[in-house]
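Please look over the sequence and the fold shown here. The report below goes through them part by part.

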Amino acid sequence: MASLYTSTTFMDHNAHPDYKYEMDGATHEHDGINPSCGDELTLQLRIEDGVIREASFTGHGCAISQASADIMAELVTDETVEEARRLSGLFLAMIRGEELSEDDFEDLDEAAELRDISHMPARVKCAELAWRTLDGILDEDAA
């Protein structure tokens, strides 16, 4: 846990999130809540021709939920919907403690720095909030 809070990447995403803002022209929006701790966020996406052109979020919560949301928004921006689904699946598997390949960790980029949260059951839902909210949007879009 100490290594997470001393991670420059984690702390920067929490203290100075680039993707925490109300988006103009969002094509998709979904609310997410973690009832166990009260973290809440609204995820907004602008999807054009099957590509996530812009991602942003608003809301409040702990450092883990906020940093995870910012990292997720950065990772899926300019990715196809299919790739965003794949990345979300990798992240959620990692957080559940499933074994991933080095290539998977590479694909997750900065999100891989949150891997130790899998050893902190009380914080797993915090890390998952933005990713599950993303899945909610992508599931609605497919329907």
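## Helix 3

Is helix 3 mostly covered or mostly uncovered? Mostly covered: 13 of its 14 residues are buried. Buried means under 20% relative accessible area, exposed means over 50%, and partly exposed lies in between, with a 1.4 Å probe and protein chains only. Helices (H or I, at least four residues) and strands (E, at least two) are DSSP runs, numbered from the N terminus.

The model is predicted: local features need pLDDT of at least 70, side-chain atom pairs count only at pLDDT 80 or more, and totals for chains, interfaces and linings use all residues. Residues are numbered from 1 along each chain as its sequence is written, and side-chain values use heavy atoms, with hydrogens and water left out.

Helix 3 covers residues 63-76. The expected span of a helix is 1.5 Å times one less than its number of residues. For the 14 residues of helix 3 that gives 20 Å, and the end C-alpha atoms are 20 Å apart, which agrees. D78 follows helix 3 and has a positive phi, near 70°.

Four strands make an open sheet in the order 1-2-3-4, with antiparallel pairing. Strand 1 (28-34) and strand 4 (79-80) are the edge strands, each pairing on one side only. Two strands pair if DSSP finds at least two bridges between them.

Strand 2 (residues 39-48) and strand 3 are joined by 9 bridges and run antiparallel. In this pairing L45 stands opposite A55 of strand 3. The two strands, strand 2 and strand 3, form a hairpin with 2 residues between them. D49 sits in the turn and has a positive phi of about 55°. Strand 3 (residues 51-60) also joins strand 4, through 2 bridges, again antiparallel. Here I52 stands opposite E79, and V51 has T80 as its bridge partner. In a regular strand the side chains alternate between the two faces of the sheet.

## Helix 4 and its end

Helix 4 has 15 residues. They should span 21 Å, and the end C-alpha atoms are 21 Å apart, which agrees. Its buried residues are V81, A84, L87, S88, L90, F91, L92, A93, M94 and I95. An α-helix has 3.6 residues a turn, so residues three or four places apart point the same way. Just after helix 4 comes G97, with a positive phi of about 90°.

## Salt bridges

How many salt bridges does a search of the whole structure find? The search finds 7. A salt bridge is a side-chain nitrogen of Lys or Arg within 4 Å of a carboxyl oxygen of Asp or Glu.

One of them joins R86 and D107, with the closest N and O atoms 2.9 Å apart. This pair links distant parts of the chain: R86 lies in helix 4 (residues 81-95) and D107 in helix 5 (residues 102-108), 21 residues apart. R86 is partly exposed at 34% relative accessibility. D107 is partly exposed too, at 32%.

E98 and R96 form another, also with the closest N and O atoms 2.9 Å apart. E98 has a relative accessible area of 41% and counts as partly exposed. R96 is partly exposed at 47%. Elsewhere, salt bridges that share partners join R46, E48 and E54 into one network.

## Cavity and a buried loop residue

The count is 1 cavity of 30 Å³ or more. A cavity is a set of points, on a 1 Å grid over the protein atoms alone, where a 1.4 Å probe fits but cannot get out; lining residues have an atom within 4 Å of a point. Grid points are joined across faces, edges and corners, and a volume is the space filled by probe spheres set on the points.

The largest cavity has a volume of about 30 Å³. Its lining consists of I71, E74, L75, D109 and E110. By class, that lining has 2 nonpolar, no polar and 3 charged residues. Ala, Val, Leu, Ile, Met, Phe, Trp, Tyr, Cys and Pro count as nonpolar, Asp, Glu, Lys and Arg as charged, and the others, Gly among them, as polar.

A111 lies in the loop between helix 5 and helix 6 (121-142). A111 is buried, at 0% relative accessibility.

Key: 1 Å grid on protein atoms, 1.4 Å probe; cavity = no way out; pocket = protein on both sides within 12 Å on 5 of 7 lines; lining within 4 Å.
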